[in-house]
Amino acid sequence: MTILEADDARDRLPGGAAVSLRDVTKTYDNGVAALGPLDLAVRTGEFVSLLGPSGCGKSTALRIIAGLNEPTTGSVQVAGRGVQNRSRHTIGFVFQEPTLMPWATVRANVQLPLDLAHIPHNESVARVNQALAQVGLTEFADVYPRELSGGMKMRVSLARALVTDPDILLMDEPFAALDEITRFKLNNDLLTLWRKLRKTVVFVTHSVFESVYLSQRVLIMTSRPGRIVRDIRIDAMEPRNEEFRTSPEYAAHCREVSASLAKASNAGTSG
Amino acid sequence: MTARGTSPGKYLKFVLPLLALAAGVAVWEALVRINSLPVYVLPAPSVVFATLVQDWPLLFGSLLTTLSTTVQGFVAAAVGGIALAVLFSRSKWLEYALLPYAIILQVTPVIAIAPLLLIYLPQHVAVVACAWIVAFFPVLSNTTLGLNSVDRNLLGLFELYGASRTQTLYRLKLPSALPHILGGLRIAGGLSLIGAVVAEIAAGSAGAGSGLAYRIAEAGYRLNIPRMFAALLLLSIAGIVIYLGLSLASYLVLRRWHESALGKES
């Protein structure tokens, strides 16, 4: 896999590796093996889902890509760079919870990454406006998070992740806590954004349906310690919309992914 | 039933305590008059009030003295408590080294420390020091609690975006700890008044104090019971005003985002 050693310039071309993990393992201080060994390559512009039973370490994998957790062994490259020397705006992260500062308005929350990087005020205002427009929250800029619904809070979180114009968007079960109607709406909006912005997306979920609906590839993980056992390509109609959700094609993919997931979960339960 | 939203309930919350107070005062007044109790046994509320008006110049001066001590002790406790908590959050070593002594200072009754402080410090400093000692710990412990209860994911986010320690402190930890800090300050306000009174009582025997507590002690020696009640009344009012003021400040600061302040709205 020489593509993984590609230099910076080539990585940014379509088809280059945006994220690559090799032989990554994570063992917690108490000796519990949480992850791996894990090999993972995500191409630039790709939408990939990590799907696995709860507690399989998929969130840990995402946090390792983000540099929030250190891998115990193995190497991590993001946009062709190691964790230490990458720019702080390579990655946008969306947590499972909206993770907003309750004391700050929507605008201030979205602006946070720019403030932390000392971006001049004029420039950051323009970028915040753009990010808010992308998630459809322009009118709610001066509102406090508590006044928003769960779905809107998640949109703020998404806008904050987009405001730095990152190459890679890491999403950790972002819609898991939302009701289905809101989740479907956000799924569609996320796909629209992805088609427009062509970010690389690594999306962690435990929903078979969500992973099939959103991704180009679904990576199936085993129970703890999580390993990737299958790489299922979802070659389906584009652009995906509510029509896709009710198509036989969608059902067939869901069946395949579901079966693999069941197999992977069983394979891991011995440990 | 929630008092919120229903206007009769809202009124009752304020009217009932006032009615209870009026009834209590009326019964007190009646008992004193019916039994013709002498003022040195129990002065009637009307006599206490008359004394308050008559002695106002003296008592008001004393009130200002006590309040000044209280405010100085409170400010020292607020600044010292918050600053030390921030230092503790930065250096575990410092926390391990100093926290036990902060606790010892807290659990030792201030009334027992006051006479020693009066020996070693100039009187006005000793009095402020007493107020500081009692008020300091709640600020320290509440701020520490607040600084330690920051959302882990928000911390992760700050780390992801390369925030410096100073940025994390001012933009995340302190705002996030604010409800706890304000809670600590609200307790500290009342406690610094207690500390000031305790110190004045301890210093009073030295005969140089002029605060309200000293007036109470002095009036006690002279069997001037109405003045004792009048001074006590002023102290109570001062405590209530301090508490309400700090509650209001806390509400104004938090009203737009914190749960504790939201219940009072709408």
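**The contact between chains A and B, and the elements behind it**

In this predicted model, chain A and chain B meet through a contact to which chain A contributes 16 residues and chain B contributes 15 residues. On the side of chain A that touches chain B, the elements giving two or more residues are β5 (91-94) and α3 (106-116) of chain A. By class, the residues on this side of chain A comprise twelve nonpolar, one polar and three charged. For the model as a whole, the scores are ipTM 0.85 and pTM 0.83.

Attention may now turn to a sheet in chain A. Three strands form an open sheet in the order β2-β1-β4 (chain A), and their pairing is antiparallel. The edges of this sheet are β2 (33-43) and β4 (73-78) of chain A, each of which pairs on one side only. Direction ignored, neighbouring strands of the sheet are turned against each other by 15° on average. In general, the strands of a sheet pair through backbone hydrogen bonds, in either a parallel or an antiparallel manner. Here, strand β1 (residues 17-27) of chain A runs antiparallel to β2(A), and seven bridges join the two. One pair can be located by residue: A:T27 has A:A33, in β2(A), as its bridge partner.

For helix α3 (residues 56-90) of chain B and helix α8 (residues 165-204) of chain B, the angle is about 145° and the axes are 8 Å apart. The crossing in which α3(B) passes α8(B) is right-handed. Residues of α3(B) that take part in the contact include B:T66, B:G73, B:F74, B:G81 and B:V86, while those of α8(B) include B:L169, B:I181, B:G184, B:G195 and B:E200. Divided by class, the contact of α3(B) with α8(B) holds eleven nonpolar, nine polar and one charged residues.

There remains the question of confidence in chain B. The mean pLDDT of chain B is 89, and 93% of its residues reach 70 or more. Which elements of chain B have the highest and the lowest mean pLDDT? The highest value, 94, belongs to helix α2 (residues 45-54) of chain B, and the lowest, 71, to helix α11 (residues 259-262) of chain B. Over residues 1-5 of chain B, the pLDDT is below 50. Beyond near neighbours in sequence, this stretch of chain B has five contacts in the model.

Key
Residues numbered from 1 in each chain as written. Chains lettered and ligands numbered in written order. Predicted model: local features only at pLDDT ≥ 70, side-chain atom pairs only at ≥ 80, totals over all residues. Contact = placed C-beta atoms within 7 Å. Helix = DSSP H or I, 4+ residues; strand = E, 2+ residues; numbered from the N terminus. Nonpolar A, V, L, I, M, F, W, Y, C, P; charged D, E, K, R; others polar. pLDDT = per-residue confidence, 0-100. Pairing = 2+ DSSP bridges. Axes fitted to C-alpha atoms, helices over the stretch in contact; angles between N-to-C directions. Left-handed = near helix turned anticlockwise from the far one by under 90°.
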